Structures are given as C-alpha cells and as structure tokens.
Amino acid sequence: MDRYLLVVSTVCFLAALVHTAIELRAGVFRPMRFNFFAVALGFIFQTAFLSVRGHQLGRCPLTNLFEVFIFLAWSVAAIYMLVGPGYRLSLMGAFTAPLVVLLQGFALIAPIDVRHPAKLPANPWLEFHASISLVAYGVFALACIAGVMYLVQERQLKTHQLYSIFYHLPPLTDLFAAITRLLWWGFVLYTLGIVSGFFTGHPLPRVQVVAAIGVWLLYAVILQGRHLRWLAPKRVAALCIIGFSAAVTLLWGITFTAEMNPLP
Amino acid sequence: MNLFCIGLSHHTANVATREQFVGSATAESIVREAGCTEALLLTTCNRVEVYAVSHKRISTDEIARCLMRKIDTDPHDYARPFYRYEADKCVQHLFRVASALDSMVVGESEILGQAKKAYESARKSGAAGPCLHRLFQRAFRVAKQVRTHTEIARGAVSAGSVAVDLAQRIFGKLGDCKVLVLGAGETSERTARALVSRGARDLRVSNRSMDRACELAQAVGGRTAPFEEWPTQCREIDILITSTASETPLLTRDKLAPMLRERLDRPLFIIDIAVPRDVDPSVNELEGVYLYDIDSIRSVAEQSLALRRQQVAAAEAIIAEHVTDFANSISQGLHHAARATEHPSLGENSLQASEL
C-alpha cells in the first residue's frame, strides 16, 4: 500500500523532468513555477511514504537498500527545497528531478525491498548515524548537481555556443558560492554521521570505516583546495561529481554488506 | 464601424520615404481632417502607423495626405508603400507590433513603450475613444504575455549588450567587479558605459595617450592607469575591455598564465574588440578565462537572434488566440450597441463595462 505513495511521488518528479525537457526542447523555460511545485508535491508523497513505513517498522525506515534509496531521494528533494529558492537556483529543480526519478525508479523496479523477518530493535545512535549520513549524501548530491550546472555553463561560455538553458543558469560566481556552501554543510553533516557511527554499540566493519573515511578525506581535500585556492572552480565542480559518485558507491557497499551480514 | 490601420514601416519603405510622413500630423489632426471617430498615431524610427475607427470607409490616400509633410506633393506618389489592415487583420497587426514581432530586431523592448506613449498622447488629446482604448489595452496585455511566456526577448543582440550580458552571466552583480579599459576607442567607451549602466563602479582606463584616457575616465566615472602598468592591473581586475591599435597581440598565454595563479578562484572575462586582435586566441584555453573577440560577440548576438526567431511561432499562437477572443468581444459589443439603440440605458452600461 505504501508503495503507491512512492509511485505517485515518482510520477510528480517525472512530470517535472518531462516538463523541463519539453520546454527546453521548445526553447522556452520558465523556472520556478512548475518544477518547484512538482518537486514539492513529490516531496510530500515521499514524506508520507517514509512516515507510513516508519510507523510500520517502529523505527527510522532505513532497514534495507530500498528504504536507503528512498531516504536519499527524500534528502535530495528536501535540500533542494531549502537551497534552490534561497540561492535562486531554480533550474536546479530540473537537474534534481532526474536524480530523484533515477533513485526512486530503481528502488521501485529492483527487487530490493526485502523486509527483515524479525522486527529490528530501535537503536537511536544507529538511526541518527544512518539518517544524518543520508542527509549529508543528499547535500553532496545537490553539490554534484550544482557542479554539473557549473560545468554546463562553463563549457558554453568557453565555446561561445550559448543555448537556451544558458540563460536560465545562475551566474557562474553565484553557482560556485552555492557549491562551496553545500560542500561545507555536507562535510559537517557527514563528519557527524561518521562520529555517531562509533556510538552505535555495534562493531563496525573495517572496510566500511576505511571507505567512509576515504570519502570524508576526499571532501576534506576538495574543501581545503578550495580554501587555499589550489583548485580552480572548474576542478572543484568536477570533483563534486566524482565525490558524490564515490559516496553513492560506498553507500551501496555499506547497505549491501549490512544486508549480507545483518546485525544481531 | 470600421477599425483599420494604415501605415508604412521598414518592411515597405526606406528611411527617405518614411521621413516624409513624420512630424507634421497628430492623432487629433487625423480625426479632424480625415473624419475618423477615433485615431491614434504610432511613430517610431521604423514605422509610421495610424490606427483609426470610422463610420465610413476612409481611403489610404486620405490618411497619407494627413500624414504628409509636403502639402504640395501629390499624395498618390506616396500611397504605394502604405499598407492597410482592417478589422481582425488590424488587431493582429497591432498585437504583432506591440509584441515586437514586426520590429527590425525581433523581440526588442522599445516598441512597447513607444506604443504606450502613443496611446497616452491620443487618449489625452481625446482622439482615442473606447474602441481604441480596448484595442490598445489588450495589445499591451498580449505583448506582456508574449514576453513572459516565450523567449522572444531572450539574449542580447548588440555588441555592447552582449558583452554586458555575458559579464552578468559570469559575475552576477557587477557592482564589485573591477574593470580595465585598455585603449580608449569609441567601441570600448560604449561597452564601458554599458557596464557602468549595469552597476560597474570600479573602472580603470589605460591608453597610450594619457589625455584621451583622462577624457574617457571622466566620461565613464573611472580613473586612469598608466599604460605601462596594465599588465600589473590584470592581477586585480575581473573584466578587461581591450581595443588598442597594436599590430601584435599585447596579451599572450605566456604573459597571462603566471598572473592567473594568484587569482585562481576568480574568473577573468576579456572582451577584445580590437582589429587586429590584442589578445592571443590561445588565452581562452586558460582555466577561468573567458575570451570574446569581435567575431565571437557577433556570433553570440546572432545566436540570440536565432533563438528569438525560433520563438516567433509560439508568439504568433498567443496572438492568434487573443485576436479571436478580441474579435468575439467586439462583435458582442456591437450586438450590445445595437440593443442599446433600442434601449438607451443598456447602451450606457455596456460602454462603461467595455471601458472597465
């Protein structure tokens, strides 16, 4: 039953995606209006799904890969709604929608919604660790999207080929400022997530810890490079994409190994 | 009731012909001389048009005679370049004009202001009555809708505005940008002025002749910088406008690369409007540098125009919808007017309603 909520949510994000594609193809794009409302509606259904699932489980719905993907998609949409309008990154909705559709679409199609036979006991530290880490991933996803937007605009400016989308992108320097802020937010949240992982009361797999610290170090290097001006904005934008890809791979690995070796 | 438009524009007449019909007539004089019930005169550098309402048909020659400056010239000589649109065609033409679809530069913004001014002038003089009032109010609405719902006004189409537009795309607000104008030619002055008009405050002018540099700096509210020091300035500035008469490139990749190391996180926008070029094209390959020469600026302007032309069909669709709707409302108005002749009190109400 709760999956229907998710299907409706995915349709909302898909509507934003299709609408943007049609408008960009026709050379007419009006940011804010449709995209923001479609993403907002999708977000409401996502929240409803997570709430229903949470009540069923009696804990934060992060018990399998399916729920992890949905929680990640929810974080991306939530952060977009917080950041997008504030930083006038309205077109970000057009870039956010495909990512959410991809995450939710995969979660709905793939047979990964495997329920645990026994009801898992609530563990506040574990739930805090998992949820804060996923919100951090959501922020990194937004930084990745902003990075893509930066590279698209940079490329058009360099080649002197300006397409319709160019006129809807935020100024290059504003976009870079948004990337920097998102990286800092994500980094702080991710640090909290890693630290709280040590308080869960369970032994942590060594590979997971090393990989998580590896991702943390990658973002630390990006921020340090940005702070000390070693890295040009274009490289920071590209590294945001690489960083998020690494983070998603790690997330997959963590969830996969957790499902293979469930906690006692 | 006849609603018609008679006029000539850059499509049908050259400037020598157009200027023969500008300046002598007013909307009021057209009402008086041609016997219209309502009239409005729209005059711009590209068109002279009369929108009028009359009970009987008024010939194109009569309107041409009203507009003509030389009263001793035979009006038949001039009637040829005039076009005439009646009823729905007139409505459609005005909607196209107000939406800048009929302009020389499609999507330009001046025409709407000019049309509003012409309407205001006719309204004040009493030449424009309820019919033209409704027509023009609707035209302004259509123009606004076209601008909002299509990309007809998107992108800059002149060299100066392209440069400023690109600067805003890179830096956002130009208030904090440092601009160096290298060479004090006419084009760089125009570009500098355009940047100032969009908020640029820190302008430095560097020129071989210090007098000319002072003159330009004063004109644009900037300050001068000795010509020998311009490479040092490149470390600080965000925008460089260059148009010197140098035969060889002043700025090369080798010269600029060390300076960029100190400003890695800030983009540098270079507008090279000199011919031969002042900046080596390979400079554009450097990270964070956006080099636009006169050809690339022209190419951006052409892309904007092409983008605007792509939007014409969407704009025409909006206009067609409004023309049909307006025609329906007019025929309903006429129906009410016919009933009003039988019941005068009803007529007063419908006129008030139409004016609302």
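**Figure 1. Helix 5 and helix 6 of chain A are roughly antiparallel to each other.** Angles over 145 degrees count as roughly antiparallel, those under 35 as roughly parallel, 65 to 115 as roughly perpendicular and the rest as oblique. In this predicted model, local features need pLDDT of at least 70 and side-chain atom pairs count only at pLDDT 80 or more, whereas totals for chains, interfaces and linings use all residues. Residues are numbered from 1 along each chain as its sequence is written, and chains are lettered from A and ligands numbered from 1 in the order in which they are written. Helix 5 (residues 124-159) and helix 6 (residues 172-197) of chain A pack at about 160°, and their axes lie 8 Å apart. Axes are lines fitted to C-alpha atoms, for helices over the stretch in contact, and angles run from 0 to 180 degrees between N-to-C directions. The crossing of helix 5 of chain A past helix 6 of chain A is left-handed, meaning that the near helix is turned anticlockwise from the far one by less than a right angle. The contact of these two helices of chain A comprises 23 nonpolar, 8 polar and 1 charged residues. Ala, Val, Leu, Ile, Met, Phe, Trp, Tyr, Cys and Pro count as nonpolar, Asp, Glu, Lys and Arg as charged, and the others, Gly among them, as polar.

**Figure 2. Chain A contains 8 helices and 0 strands.** Helices (H or I, at least four residues) and strands (E, at least two) are DSSP runs numbered from the N terminus. Of the 264 residues of chain A, 44% are buried, that is, have 20 or more other C-beta atoms within 10 Å of their own; 12 or fewer make a residue exposed, values in between partly exposed, and C-beta atoms are placed from the backbone. A:Val207, in helix 7 (residues 206-227) of chain A, counts as exposed because it has 12 C-beta neighbours inside 10 Å. A:Val207 and A:Ile22 are separated by 185 residues in sequence and by 45 Å in space, C-alpha to C-alpha.

**Figure 3. Chain B contributes 25 residues and chain A 16 residues to their contact.** Two residues are in contact if their C-beta atoms, placed from the backbone, lie within 7 Å. On the side of chain B that touches chain A, helix 7 (159-171), strand 10 (289-293) and helix 12 (294-310) of chain B each supply at least two residues. Helix 12 of chain B gives the largest share, 6 residues. This side of chain B has 9 nonpolar, 11 polar and 5 charged residues.

**Figure 4. Helix 8 (residues 186-197) of chain B has buried residues, among them B:Ser188, B:Thr191 and B:Leu195.** What covers the buried residues of this helix includes helix 7, helix 9 (210-220) and strand 5 (178-182) of chain B. After helix 8 of chain B comes B:Gly199, with a positive phi near 110°.

**Figure 5. Backbone geometry in chain B includes a cis peptide bond between B:Val275 and B:Pro276, with omega about 0°.** B:Pro276 lies in the loop between strand 9 and strand 10 of chain B. Most residues other than glycine have a negative phi, and most peptide bonds are trans. B:Ala87 has a positive phi near 45° and belongs to helix 4 (residues 87-98) of chain B. With 13 other C-beta atoms within 10 Å, B:Ala87 is partly exposed. B:Ala100 also has a positive phi, about 65°, but is buried, with 24 C-beta neighbours inside 10 Å.

Note on methods: Expected span 1.5 Å × (residues − 1).
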